[in-house]
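Welcome! Please take a moment to look over the sequence and the fold before reading on.

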Amino acid sequence: MKDLSPRPGDLEAIETASRDEIAALQVKRLQWSLKHAYDNVPFYKSSFEAAGVHPDDLTTLSDLARFPFTVKQDLRDNYPFNMFAVPREKLRRVHASSGTTGQPTVVGYTQGDLDVWGAVVARSLRAAGLRRGDMLHNAYGYGLFTGGLGVHLGADALGLSTVPVSGGMTERQVRLIRDFQPKGITVTPSYALSILDEFNTAGMDPRECSLQVGIFGAEPWTNAMRQEIEAAFDMHAVDIYGLSEVMGPGVSMECVETKDGLHIWEDHFYPEIINPETGDPVADGEQGELVFTSLTKEAFPIIRYRTRDLTRLLPGTARAMRRMEKVTGRSDDMIILRGVNVFPTQIEEQLMTVKGLAPHFQIVLSRPDRMDEMLVQVEAIEGFSSAEDRAHAAADLRGKVKRNVGVTVKVDVSEPGGVARSQGKAVRIIDNRPKS
Ligand code: DLL
């Protein structure tokens, strides 16, 4: 793999600032953001008042813990535009969640917000090793989802040659990578695996392609998956994180030279980790739920937003700003199977160590006999798909999940191609349990 580390002069001043400088900037920006939200969004005025706090009460970073949380339901209750702090005409962009699980949530951006978003995504792409003039194949979906257009903004700000291919039409993805020779690809890790399959189907060696770095996010993925993708493509694989409510992609980013968790762009997004049960902040280094407060957003300030993503905060390494550990899962995705907490990423980790299995998987939950059951659907790779090989792989995976995750599961190994493919965010859990 090529060395993509930054050269002297590549970084912005804030990326090497002292903790004191960062904290001073955060206090100033938090004061602005709390006041902006309170003065312009009736929801925040009433939620602050109900909690007995006023924006003037914040004089140090720890005062933030006195302010109330914001949760997804608050955004739904204020559908579509009541969370905005600027008149509708000041919006230059609106994005929204797909709304498949209820009322969609809507977010908005002023021109100033789009400029900041472009700047943090540009910083993220640079942390991945891309530089002005490089070509980027952007396979995140374009549309209401923030992935495609968010990355595109940052790629423009950095000065990349962007191919806005979006998700889907996998054959064409491979053809364009072959013909255009991009240096980087932005895509969900699960869709990257579909693209990888397509390389093999087309009889092309992915290790021979031009890609030097893949920038993967929008869904959880493991370090085991990183190794698999890096080996298959002979390229770096780095993690990008974000969520629409806070901005979109580019809230935090892993640096290609260290690959040790994601640096949070703390000059724009203030992170906290809380105990999800009590809501109390926990110390850096401790696991819990990630909470964000926006520091500079104009159209859609967000105060103490509970992401439901589970991680912990770690000190900065390649950059001054703190890191968050790779997100292992969302509290929403946690399966409680006979008293044991299981995340899909734990199944992924085990699956990657079983010979003869492809990295695609889905988990089907059912309750045949008042007891929950988990079926892991996986598939064999070519050359390992005889009935005997598949039975062997199933037993191996079952044993590993039992020993290392602590739960008994059923495993179904299908022929190659048997598991549904993702073109964006993978659907990992199919819940067929009766709704209680
Ligand atoms: O997924 C934004 C994004 C686009 C991030 C492209 C990175 C790349 P939402 O659709 O609002 O926004 O979904 C946000 O996706 O709360 C996490 O649960 C999950 N997520 C995003 N990035 C990662 C990641 C975009 N790197 C939700 N690792 C978040 C694990 C991630 N989970």
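## About the model

This is a predicted model, in which local features need pLDDT of at least 70 and side-chain atom pairs count only at pLDDT 80 or more, while totals for chains, interfaces and linings use all residues. Residues are numbered from 1 along each chain as its sequence is written, and side-chain values use heavy atoms, with hydrogens and water left out.

Helices (H or I, at least four residues) and strands (E, at least two) are DSSP runs, numbered from the N terminus. Two strands are said to pair if DSSP finds at least two bridges between them.

## A hairpin and a crossover

Let us begin with strand β18 (residues 362-366) and strand β19 (residues 373-379), which run antiparallel and are joined by five bridges. Gln362 has Gln377 of β19 opposite it. Six residues lie between the two strands of this hairpin, and Arg370 takes a positive phi there, near 65°.

On its other pairing, β19 runs parallel to strand β20 (residues 410-414), again with five bridges. Leu375 has Lys410 in β20 as its bridge partner. To get from β19 to β20 the chain passes through helix α10 (residues 387-404), and this β-α-β crossover is right-handed. Right-handed here means that, with the strands pointing away from the viewer, the path from the first strand over the helix to the second runs clockwise.

Next comes β8, where seven of seven residues are buried. Buried means under 20% relative accessible area, exposed means over 50%, and partly exposed is in between (1.4 Å probe, protein chains only).

A hairpin of four residues connects β7 to β8, and the two strands run antiparallel with four bridges. Ile240 stands opposite Met253 of β8. Met253 also stands opposite His263 in β9, where β8 and β9 pair in the antiparallel sense over three bridges.

## One side of helix α8

Which residues of helix α8 (residues 223-233) are buried? They are Met225, Arg226, Ile229, Glu230, Ala232 and Phe233. These residues lie on the same side of α8, because they cover an arc of only 165° around the axis. The arc is that of the directions from the helix axis to the C-beta atoms.

The buried residues of α8 pack against α7 (189-201), β6 (213-217), β7 (236-243), β8 (248-254) and α9 (344-351). Contact means heavy atoms within 4.5 Å.

## An open sheet

Four strands form an open sheet in the order β10-β11-β12-β15, with antiparallel pairing. β10 and β15 (329-330) each have a single partner strand and stand at the edges, so one side of each is left without a neighbour in the sheet.

Within this sheet, strand β11 (residues 288-294) pairs with strand β12 (residues 305-311) in the antiparallel sense over four bridges. The bridge partner of Val291 is Arg306 in β12.

## Aromatic rings and charges

How many aromatic pairs does a search of the whole structure find? There are ten. Rings of Phe, Tyr and Trp (its six-membered ring) pair if their centres lie within 6.5 Å; planes under 30 degrees apart count as stacked, over 60 as edge-to-face and the rest as tilted. Phe216 and Trp221 form an edge-to-face pair, with 5.4 Å centre to centre and 75° between the planes. Both of these residues, Phe216 and Trp221, are buried. One aromatic cluster is formed by Tyr38, Phe43, Tyr44, Phe48 and Phe67.

Trp221 also has Lys326 over its face, at 3.6 Å from the ring centre. Arg123 lies over the face of Trp265, at 5.0 Å from the ring centre. A charge sits over a ring if NZ of Lys or CZ of Arg is within 6 Å of the ring centre and within 35 degrees of the ring normal.

Is His268 buried or exposed? His268 counts as buried, because its relative accessibility is 11%. His268 is found in the loop between β9 (262-264) and β10 (269-274). Not counting residues up to four places away in sequence, His268 touches Arg29, Val116, Val120, Thr293, Ser294, Leu295 and Thr296.

Leu314 has its place in strand β13 (residues 313-314), and is buried with a relative accessible area of 15%. Leu314 touches Arg322, Arg323 and Glu325, not counting residues up to four places away in sequence. Leu314 and Asp372 are 58 residues apart in sequence and, C-alpha to C-alpha, 36 Å apart in space.
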